[in-house]
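Me: Please walk me through this structure. I would like to learn how to read its features one at a time.

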Amino acid sequence: MFKFFRKISDERDTALALYSEAIRQARTPLFYEQCGVADTPDGRFDMIMVHVYLVLRRLKGGDERCKVLAQTLFDIMFDDMDQNLREMGAGDIGVAYLVKDMVKAFYGRIAAYDEGLEDTGGDLLEAALRRNLYRNIDPVPDQLSVMAEYVREQDGELAAQAIDGFLAGSVHFSLPPPIGDAP
């Protein structure tokens with residue numbers, strides 16, 4: 001019986017390690033200082049969503065362990081969002097509605113980013129990033145194109161990383177290239 005609880009704990013620890021790395025990457029100042037992502041709760045939330053999405057995309061189609069890990073990662077992300085909303089002063093009823101809206105928004109982003117990544121040579125990914133990551137601001141073209149290329153490169157780099165690393169809680173992201181004299 002205790003093996004069952006240890007297994008749940010191990011899966012949660014693994015997903016938490018992946019989530020922590022996604023957050024660490026999403027907090028990289030370069031995204032906000034040069035890539036034009038708004039340094040606001042919404043902008044930071046969207047950067048976390050992009051990175052968690054990329055990890056979930058890598059886990060998609062894997063074996064049962066990948067499916068369980070992906071679900072646990074998803075649950076941890078939205079438990080964290082729930083806790084953050086409470087810390088910002090949202091009440092119990094308000095948090096439930098806000099988290100429900102965040103989940104719907106995340107599913108929408110998954111569909112849009114999947115479509116964008118599958119559209120080789122097109123501009124669907126740029127359009128999805130403009131709508132979501134840059135929804136409250138107007139990035140300069142270089143910022144949008146660098147972010148789109150970053151997402152494409154990360155998708156490829158994560159696909160090349162061994163799935164065993166993910167199952168052990170390890171993921172490696174790289175940084176986007178700096179944008180010349182971006183504001």
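Predicted model: local features only at pLDDT ≥ 70, side-chain atom pairs only at ≥ 80, totals over all residues.

Me: Where is Thr 14 found?
Reply: Thr 14 is in helix H1. Helices here are DSSP runs (H or I, at least four residues), strands are runs of E with at least two, and numbering starts from the N terminus.

Me: Is Thr 14 buried or exposed?
Reply: Take the cut-offs to begin with: buried means under 20% relative accessible area, exposed over 50%, partly exposed in between (1.4 Å probe, protein chains only). Thr 14 has a relative accessible area of 15%, so it is buried.

Me: Where is confidence lowest and where is it highest?
Reply: pLDDT is the predictor's confidence in each residue, from 0 to 100. The chain has a mean of 87, and 85% of its residues reach 70 or more. Helix H1 (residues 2-26) is lowest, with a mean of 81. Helix H8 (residues 163-167) is highest, at 96.

Me: How many helices and strands are in the chain?
Reply: Eight helices and zero strands. The pattern along the sequence is α-α-α-α-α-α-α-α. Of the 183 residues in the chain, 43% are buried.

Me: How do I check the span of a helix?
Reply: The expected span is 1.5 Å times one less than the number of residues. H3 has 19 residues and reaches 27 Å from first C-alpha to last, close to the expected 27 Å. H7 has 20 residues and should span 28 Å; its end C-alpha atoms are 29 Å apart, which agrees.

Me: How do I read an aromatic pair?
Reply: A pair of aromatic rings is described by the distance of the centres and the angle of the planes. Rings of Phe, Tyr and Trp (its six-membered ring) pair if their centres lie within 6.5 Å; planes under 30 degrees apart count as stacked, over 60 as edge-to-face and the rest as tilted. That rule gives six aromatic pairs here. Phe 31 and Tyr 150 are edge-to-face, at 5.2 Å centre to centre and 65° between the planes. Phe 31 lies in helix H2 (residues 29-33) and Tyr 150 in helix H7 (residues 141-160), so this pair ties together parts 119 residues apart in sequence. Phe 31 and Tyr 150 are both buried.

Me: Which type of pair do Phe 74 and Phe 106 form?
Reply: A tilted one: 6.1 Å centre to centre, 40° between the planes. Phe 74 sits in helix H4 (residues 64-87) and Phe 106 in helix H5 (residues 92-118), so the pair ties together parts 32 residues apart in sequence. Both residues are buried. Ring pairs also link Phe 74, Phe 78, Phe 106 and Tyr 107 into a cluster.

Me: What lines the second largest pocket?
Reply: On a 1 Å grid over the protein atoms alone, a pocket is an open set of points where a 1.4 Å probe fits, with protein on both sides within 12 Å along at least five of seven lines; lining residues have an atom within 4 Å of a point. The lining includes Tyr 53, Lys 67, Phe 74, Phe 106 and Asp 114. Helix H3 (41-59), H4 and H5 each give two or more residues to this lining. The pocket holds about 260 Å³ of space, a volume being the space filled by probe spheres set on the points, which are joined across faces, edges and corners.

Me: Which residues of H7 are buried?
Reply: Among them are Leu 144, Met 147, Tyr 150 and Asp 155.

Conventions:
Residues numbered from 1 in each chain as written. Heavy atoms only, no water.
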